[in-house]
Amino acid sequence: MKKDTISVAQKTAKKNAFAVYMRDNWQLYAMLLLPMLHLIVFKYLSYAGLSVAFMDYKVAKGFFESEFVGFEIFEKIFKHRDFGVAVRNTLLLNVLDLIFSFPMPIILALLLNEIRVKWFKKTTQTMLYLPHFLSWVVIGSVAYQMFGLSNGVVNALIANAGSSPIPFLQEDAWWLVTYVIIGIWQTMGWGTIIYLAAITNVNAELYEAAKVDGANRWQQCLNVTLPCIRSTVVIMLIMQLGKVMGGSFERILALSNAKVTEFTTTIPVLVYRWGIQSSKFSDSTALGLFQSVIGVALVLIADRVAKKLGEDGLL
Amino acid sequence: MRKAMKKAAAVSLAAVMSASVLAACGGSSSSSVAASSGSTDSTGGESSSESTAAEFTDYSAGFPERVTIEIPVYDRGFEGWNVTDNYYTQWIQQEFGEKYNVDVKYVAISRSNEVQDYMQLIAAGTAPDIIYHYDMPQAVAYYNEGAIQPVNYDEIAFYAPDYWANMQETIETYGKLDGENAFIFAARNPFQYTYVNVIRQDWLDQVGMEVPTTLEEMTEVAKAWKEAGLGTIGLNLWQNSFTFAYPFIGETADQNDVSLYLDLNVASMTWDVTKACLQAYNTLYNEGLVDPEFYLNTDDAAWKAKFVSGEVGTYAFYISKNTDVFSSLKANDPNAEVAFVSGYNVPADSHNYYYEYPAYGMVMGVNTNTSDEERAALYMFLNWMSQPENLTFLQNGVEGENYNLNEDGLPVPVADFAGESKLSNNNNKDYWCLVQETVDYGDEELNLKANIMNLAPEGYENLIQAAYDSAKANLDYGIVSTIYTKAVESSAEYSADLKALWVEGYVKCVTCKPEEFDATYEEYCQEYLDAGYQEILDEKQSLMDEGAYIKMD
């Protein structure tokens, strides 16, 4: 009897605490509603659209009246002659990016970290961030002004120096090099932000201890900074692996031309060509779904491997 | 106090944001309800019209209840021009809408992105009552998507007698697809000469040569230009509307080949005519006589830029009064002079064959969701617009304000008119294109005079005269591409992939070394056939064998 009253009292107290908490903070939850709504409507509800990949979708008939065809669309796209080429190119471009673009922000962050003059560091950082805010369309047209064969600034300099011009964007192998380098230039500054943040979290005592042990700047960097940001690097790597089957469509669209076609047919380009240009929404959705499934699988595998190697992993 | 203020601000902000989101959702859901109720109307209406076939309600005194028709209009991004609400749309509402108790609502379709726009509207069930496109293959694609309802000719004749009288023959000839009456059309006068080719006259003078009339002469001119350190022959990237092969057809056109291969949407890679064409451009390219970076000219602006900056000496474009080609050219080089040129891309052993427009303009279909009443209002609208006085008003504006009539009875536009009845930048074409493609005074002489007056930039009137004379002389060499009466399904399936492959292959064929040409061409032909072209050719051949195409005389 007594016990009961106590527990009821406790319950009401708990309830009261929750009510009090909500009365004080409900505005915050109200504010959160909107982003949640956005997430639900635009990120989760749109999953229903994936059903198009399993139908012979006709726009006028819509979701409910189009014919359900199971995996027929997938069979069709896997047999398509451009499919193999697209997978190869997507992997090639993204693996090159992974090898060359991924380490650049880390190196840059380590370098920036060593700069002691405040204003110089700030100015450099800002200038490095800028390319991130340019659209690929702008970068593409600037690239052609810079590296074009007959009108490019760089080739004009090369010609004046007495050498023959280099087809930076107009020959397949050179195009690949230019594509990767422009990619590095565009992403490396922005990528440093997360590493710089990780570096600021490194305990200053570690550096002092290293100094006492006689480590110079280079050795401090290798033996203190790098190991301390290792988990951040691993997480970034796992996330990057998820994009290996995707990649930026705009980047290819902006940088390619009719002369260089060896490496430009990628999965996102096919999605655009089928879905937007020829309104084959089913084919295009199926291809996009395929790409996403591989991406998720890669992330999961990388996460497992990282955990096996004693890292925290992502999930 | 301050905390309370903050709280209040947060609350109101949250409320406003959620409310706006909800409002947006509410808006779209209510419109979808309206659309679906519209479609139920139409299904109900159709069954009733079947039972009372050939009897149509007379609405000439106006509809008993307000009817809304949605009419598409191309939005070309003209500065300061509201495509859906302006002097002329208001005039249409006043003159036609109020008279018959109809709301004429314009729906903007972006010109540069029209297929995507239409597809989204169709998917959302909010597409306008007319679904249109300038070329047949895309109109067929809309039909195959199920977006267009078959029409009843008796009904058109009943509600739009004048429109029907003008267009009956065209509609009955071209409007059928798979045995259904799928499309209706606007009129088009196929005799056109507003696409002009120009060449730098001052460069010709500099090397002491005449205006070239064949490819061989043009080659000699280009060689002289190269020696004199002038520019090259201008060229764009052939990536759509494939008409490049016409000049290479040869002495006589093989009827079967022509029907099989000439197709605006699919390039005729494997045709021997195409091979001759690519071979010729390969030679020009390797001798350095054409624009060495022609493959970067993916749009007209790129070629134009090279022409006005003096990199290339030839250019082709739709001439219009306010074109900036000549003024820009003069600004860059005050000595620049241009001359009309024709046949400079045609080998001496061929003729100046060209893509001739079929006798129809805009290809239109009636939206599947359009109800009986809306369809009647739509036909009445087409009939109203077909009236000469209404058409003249839409095409020219207000007499005495926008224009004055001259001694030939032709409207002469008032220079720099800026009143409220100012026409759109292309003379309101996107409104009257529903019934007519070009202004037609019913007489070739008058049309020419009007074109010179309305299309020629000042000082360049001779270009239009020359273009007219040239078009007149070449009249025998126009070829209308075959129109099939059934959908060529393989074409819809493969055309996007084939376009990408064509661009890749043909650029390689033109830019490779002359000794590698044959091997490169053969390789791409095989790939092109494998990628779906063989299927398209087979399907077209079988359609022709069964007679499922419109025979041209």
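**Entry 1: helix 14 of chain A**

I looked up which residues of helix 14 of chain A are buried in this predicted model. I found A:I267, A:P268, A:V269, A:L270, A:V271, A:R273, A:W274 and A:G275. With 8 of its 11 residues buried, helix 14 of chain A is mostly covered.

I then asked what covers these buried residues. From chain A, the cover includes helix 4, helix 13 (249–255) and helix 15 (281–308). Chain B takes part as well, through helix 18 (489–511).

I also checked the backbone just after helix 14 of chain A, where A:S279 takes a positive phi of about 55°.

**Entry 2: the contact of chain A with chain B**

I turned next to the contact between the two chains, in which 25 residues of chain A meet 31 residues of chain B. I noted which elements of chain A give two or more residues to the side that touches chain B: they are helix 1 (2–44), helix 4 (81–100) and helix 14 (267–277).

I recorded the composition of the side of chain A that touches chain B as 11 nonpolar, 8 polar and 6 charged residues.

**Entry 3: chain B as a whole**

For chain B I counted 19 helices and 15 strands. Of its 553 residues, 37% count as buried. I also looked at sequence separation: among contacts in chain B between residues at least 6 apart in sequence, 77% join residues at least 24 apart.

**Entry 4: the domains of chain B**

I looked up how chain B is divided. Domain 1 takes in 64–189 and 360–440, while domain 2 takes in 195–356 and 478–545. Their centres, taken over C-alpha atoms, are separated by 33 Å. The contact between them takes 10 residues from domain 1 of chain B and 8 residues from domain 2 of chain B.

Which elements of domain 1 of chain B each supply at least two residues of the side that touches domain 2? I found helix 4 (136–144) and strand 5 (176–177) of chain B. The largest share, 5 residues, comes from helix 4 of chain B. I noted that the residues of this side of domain 1 of chain B divide into 6 nonpolar, 1 polar and 3 charged.

Note on methods. Residues are numbered from 1 along each chain as its sequence is written. Chains are lettered from A and ligands numbered from 1 in the order in which they are written. This is a predicted model: local features need pLDDT of at least 70, side-chain atom pairs count only at pLDDT 80 or more; totals for chains, interfaces and linings use all residues. Domain bounds come from an automatic or database domain assignment. Two residues are in contact if their C-beta atoms, placed from the backbone, lie within 7 Å. Helices (H or I, at least four residues) and strands (E, at least two) are DSSP runs, numbered from the N terminus. Ala, Val, Leu, Ile, Met, Phe, Trp, Tyr, Cys and Pro count as nonpolar, Asp, Glu, Lys and Arg as charged, and the others, Gly among them, as polar. A residue is buried if 20 or more other C-beta atoms lie within 10 Å of its own, exposed if 12 or fewer, and partly exposed in between; C-beta atoms are placed from the backbone.
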